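Here are a few notes to read alongside the model. Have it open and follow the points in order.

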2 protein chains.
Amino acid sequence: MAAETGSMGRMVDLCRRRGIPVTAQRRAVLRALAGRRDHPTAEQVHAAASARLPGMTLATVYRVLGTLERLGVARRVAHAGTGARFEVDSGAHHHLVCTSCGRILDLRDPAPEALSIPAPRASGFSIQEITIQFRGLCRACRRRRSAHERRRR
Amino acid sequence: MAAETGSMGRMVDLCRRRGIPVTAQRRAVLRALAGRRDHPTAEQVHAAASARLPGMTLATVYRVLGTLERLGVARRVAHAGTGARFEVDSGAHHHLVCTSCGRILDLRDPAPEALSIPAPRASGFSIQEITIQFRGLCRACRRRRSAHERRRR
DNA sequence: ATTCTTATTGATAATTATTATCAGATGATA
DNA sequence: TATCATCTGATAATAATTATCAATAAGAAT
């Protein structure tokens, strides 16, 4: 039987390797997270996951997200807003962050020259990964703002 | 009379320009924030600020931090942990983020080649600022972890 | 300096976000 | 299928943030 593909397969493997159970809830949460690129909150993950597996608690979602994080399958995204946000850990990529609405978009353009940034070993830090955050206004907020500007005159 | 220097002066100017009062609390919070590079939480700012201006409420600190943010004097730092963290907005700089303890250190080495990263105008985004996040282990956590490894064998 | 107006603050309650507890359910293994 | 360890749901507890409102203080105009 072929191994499951993608992050689901990775999770199953990692669980077996560490001897921790592959529960329906863990599958559901990962499936809910793997399908999207919008860095959902725990509550959004809960909504999506319990659509497929009704009865799931938000507490379970938090627990599972923590587990997936420890397994290295998911991770919480650095952002400036309230409430944690999560994504499937699918390798290094960059983020477009809207300073107005807080939306975070993935930027899966490796921008190779960016990755050659000299990793500073300052202060005894050992760098494992580099993420570039491009902060600015998303299209929607840019429009909203220029409309606002016009109104103010 | 010479204008006040640094972020304090900037705040005072911005307040006057917008006709909002320069209160003792706003000064105290900014002073508490301007002095440090460790990206404190609201509670830490509260502790520092109320040391100089006793009686300040945490709610006020939150309000003031929001105001300073709107003025462009302070901002909340993107990070993956629980609870917002703040810094004085002192221009673009980069962050060393410890994935183990969550500590965030400033990296004020402009790394000029990094700043020439082609700002992607993807999806209608207008980029205003670029921050690079170097994720890894800080010295302390690296030591702790290798000690742990040794113990596990 | 005094008064007036308006925005801010402290005290507090209310929300929202996250974690802990514990009895019962479930996954892995023999 | 029986066993054991772990997990989950239900719930309570805690942490983080925001809202409410009367009293206060800042800034402008006397």
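1. One term before we start: two residues are in contact if their C-beta atoms, placed from the backbone, lie within 7 Å. Keep in mind, too, that this is a predicted model.

2. Leaving aside neighbours within four places in sequence, A:Val97 is in contact with A:His79, A:Ile104, A:Gln133, A:Phe134 and A:Arg135, plus B:Ala78 from chain B.

3. A:Val97 also turns up in the largest nonpolar core, which has 20 residues. Which members touch the most others there? They are A:Val97, A:Phe134, B:Val97 and B:Phe134. Strands E3 (94-98) and E5 (126-137) of chain A, and strands E3 (94-98) and E5 (126-137) of chain B, each give two or more residues to this core. Another core, of 18 residues, lies apart from it, and A:Met11, A:Val64, A:Leu68 and A:Phe86 are among its members.

4. Now look at DNA strand D. Of the 26 residues around it, A:Gln25, A:Thr60, B:Pro21, B:Ala59 and B:Ala84 come nearest. H4(A) brings the largest share of this surface, with 4 residues. By class, you'll find 13 nonpolar, 10 polar and 3 charged residues.

5. On to DNA strand C, with 27 residues around it. The nearest are A:Pro21, A:Ala59, A:Ala84, B:Gln25 and B:Thr60. Which helix gives the largest share of the surface near DNA strand C? That's H4(B), with 4 residues. The surface splits into 13 nonpolar, 11 polar and 3 charged residues.

How values were computed
Residues numbered from 1 in each chain as written. Chains lettered and ligands numbered in written order. Predicted model: local features only at pLDDT ≥ 70, side-chain atom pairs only at ≥ 80, totals over all residues. Near = placed C-beta within 6 Å. Nonpolar A, V, L, I, M, F, W, Y, C, P; charged D, E, K, R; others polar. Core = buried A, V, L, I, M, F, W, Y, C linked by C-beta atoms within 7 Å. Buried ≥ 20, exposed ≤ 12 C-beta atoms within 10 Å, placed from the backbone.
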